Amino acid sequence: MFIRNESFKDFIRFYPVVSTLVAIQLIVWLLVILGPGRALFQMGAGVNIFIENGEYWRLVTPIFLHDPNGVMHVLFNSFSLVLFGPALEQMTGKVRFLLIYFLTGIIGNFFTFIVEPSAYYVHVGASGAIYGLFGVYMYMVFFRKRLIDPGNAQIITVIIVIGIIMTFLRPGINILGHLFGFIAGLALAPIFLRNVQPFSLWRNRKANDGNISFDPNRWNKRRLPWKKYIVPLLWIFIGLLVILGLIGRLF
């Protein structure tokens, strides 16, 4: 569910919404650091006093913008979207996935504007939307267990707990955006998870191969080599999250 073993071409084909979102935020980040996008950054960053003065688009545009002074911000959010977005895109469909992503991101930005006391507080990043996806997964873990197997439920729970802890430990984080994005995901999950089916690799394979007949033994043979790598790779990712959080705290 969270291990990506598709080719680059197949990933784009199977998950066009996730692919497009990642491409947009990387391209926008490059434009900002290279110069042409600096005006876009200044006009789109979330700044409370400007939102208060009627620039309501700043509740949406920060989702596409990332810190131009560090590559880790955009890479972390892109990597998280690549890992955790595809399963939800397949399960909910393109339109519902987009609604989940943008609504949770906007709600995170809105409550940042409402609750943050500083009029000149500035925030950018897709983290509120990423945590919105986490909120949907957490709802599955507790209330829609048939949609997520116990192994993946344990993995996503550990990642969410570490992510929330790192939210409070790392400097420069929009804590309100993370928390309210996550809460929004929990709140919207009952609506957007209606009549959805669990994530299935076979659905991707069937779409890729057309009318090929299903041979369970052949498919299991192809999947077998990945089984021994799944857990180590995910624990490596979790370890990297912890290390990055500690480095950010120290420096």
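Which helices are included in what covers the buried residues of helix 2? In this predicted model, the cover includes helix 1 (8–14), helix 3 (38–44), helix 5 and helix 6. The residues of helix 2 that are buried are Val17, Val18, Ser19, Leu21, Val22, Gln25, Val28, Trp29 and Val32. Helix 2 itself comprises 19 residues (16–34), and the distance from its first C-alpha to its last is 27 Å, close to the 27 Å expected at 1.5 Å a residue. Just after helix 2, Gly35 adopts a positive phi of about 120°.

The axes of the two helices lie 9 Å apart and form an angle of about 40°. On the helix 2 side, the contact involves Pro16, Val17, Val18, Leu21 and Gln25, which meet Lys94, Phe97, Leu98, Tyr101 and Phe102 in helix 6. By class, this contact has eight nonpolar residues, one polar and one charged.

Helix 9 spans residues 175–192, and its end C-alpha atoms are 25 Å apart, which agrees with the 26 Å that 18 residues should span at 1.5 Å a residue. A bend of about 30° occurs in helix 9 at Leu186, with a proline, Pro190, following within four residues. Buried positions in helix 9 are Leu176, Gly177, His178, Gly181, Phe182, Ala184, Gly185, Leu188, Ala189 and Phe192. The elements covering these buried residues include helix 5 (71–92), helix 6 (94–115), helix 7 (127–143) and helix 8 (150–169).

How values were computed. Residues are numbered from 1 along each chain as its sequence is written. This is a predicted model: local features need pLDDT of at least 70, side-chain atom pairs count only at pLDDT 80 or more; totals for chains, interfaces and linings use all residues. Side-chain values use heavy atoms; hydrogens and water are left out. The expected span of a helix is 1.5 Å times one less than its number of residues. The bend at a residue is the angle between axes fitted to the seven residues ending there and the seven starting there. Buried means under 20% relative accessible area, exposed over 50%, partly exposed in between (1.4 Å probe, protein chains only). Contact means heavy atoms within 4.5 Å. Axes are lines fitted to C-alpha atoms, for helices over the stretch in contact, and angles run from 0 to 180 degrees between N-to-C directions. Ala, Val, Leu, Ile, Met, Phe, Trp, Tyr, Cys and Pro count as nonpolar, Asp, Glu, Lys and Arg as charged, and the others, Gly among them, as polar.
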